[in-house]
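Hello,

Here is the structure I promised to pass on, along with a few notes on its charged side chains. Please have a look at it first, then read on.

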Amino acid sequence: MTEFVEIRESAPLTFTQRWNTYLAIVLAVGVMVLGITLRDSNLNATVTLENLESGVRAQVPANWLQDTRGEDYLFRVRDPNAVPFKTTLQVSVLTVGPDATPDLVLNLLTMQRSSRFATYHEISRSDAMLRDDPAKRMVYAYTEFERNPALQSLPMVIEGVDLVVLQGTQAVVVTYREEQSAFDDHLYRFESLLRTLEIF
């Protein structure tokens, strides 16, 4: 026995149905744009960290882990969501003599780090400016190993950059460190920190 299926054309949408469809599409697009805007503003939100004793103030990412009690830095922030290495921004102040230069400060940092970090080596050194003040910029890399045997993994190559500027008897050192493959992608964080850095 042969069965026949009757196909009927659907009735055209009414004026109200068409406008409801358009309104739903517009609302969906609006919600998506609002969500992306809120996400971006949250990711780019900053907070002010300052050390009045040393006269340093800067804007850092608001949702990063903050540490203002280090022995060798004024403040340091780290991205808690970054893996395998937590992206790090840091500001340090060193007391220097009247004949100090940014190059001498970088030489001192290189000597200290060579004994702390495996395979530490300098990649480049160049002149820079921090607003109207002459500065020196150094890029370097080292290998980091997991110290906990339970979490042992392959060593990571960490790339870093320091910018040193002298202010009287102080050398202000701004540092950014990241796992080497992501270094260039997140370098804008370092540049943003430099733009907001105030030395007073």
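A word on terms before the details: a residue counts as partly exposed when its relative accessible area lies between the buried range, under 20%, and the exposed range, over 50%. Please also keep in mind that this is a predicted model.

The topic here is salt bridges, and the structure holds 10 of them.

Let me start with D72, whose partner is R116; their closest N and O atoms are 4.0 Å apart. D72 has a relative accessible area of 44%, so it is partly exposed.

Next comes the pair E50 and R57, whose side chains meet in a salt bridge with an N to O distance of 2.7 Å. E50 counts as partly exposed because its relative accessibility is 41%. R57 is partly exposed as well, at 25%.

Finally, E122 and R125 form a salt bridge through their side chains, at 2.9 Å from N to O. This pair belongs to a network in which salt bridges with shared partners join D103, E122, R125, D127 and K136. As for accessibility, E122 has a relative accessible area of 34% and is therefore partly exposed; R125, at 26%, is partly exposed too.

Enjoy looking through it!

Best wishes

Technical notes. Residues numbered from 1 in each chain as written. Predicted model: local features only at pLDDT ≥ 70, side-chain atom pairs only at ≥ 80, totals over all residues. Heavy atoms only, no water. Buried < 20%, exposed > 50% of the residue type's maximum accessible area, 1.4 Å probe, protein only.
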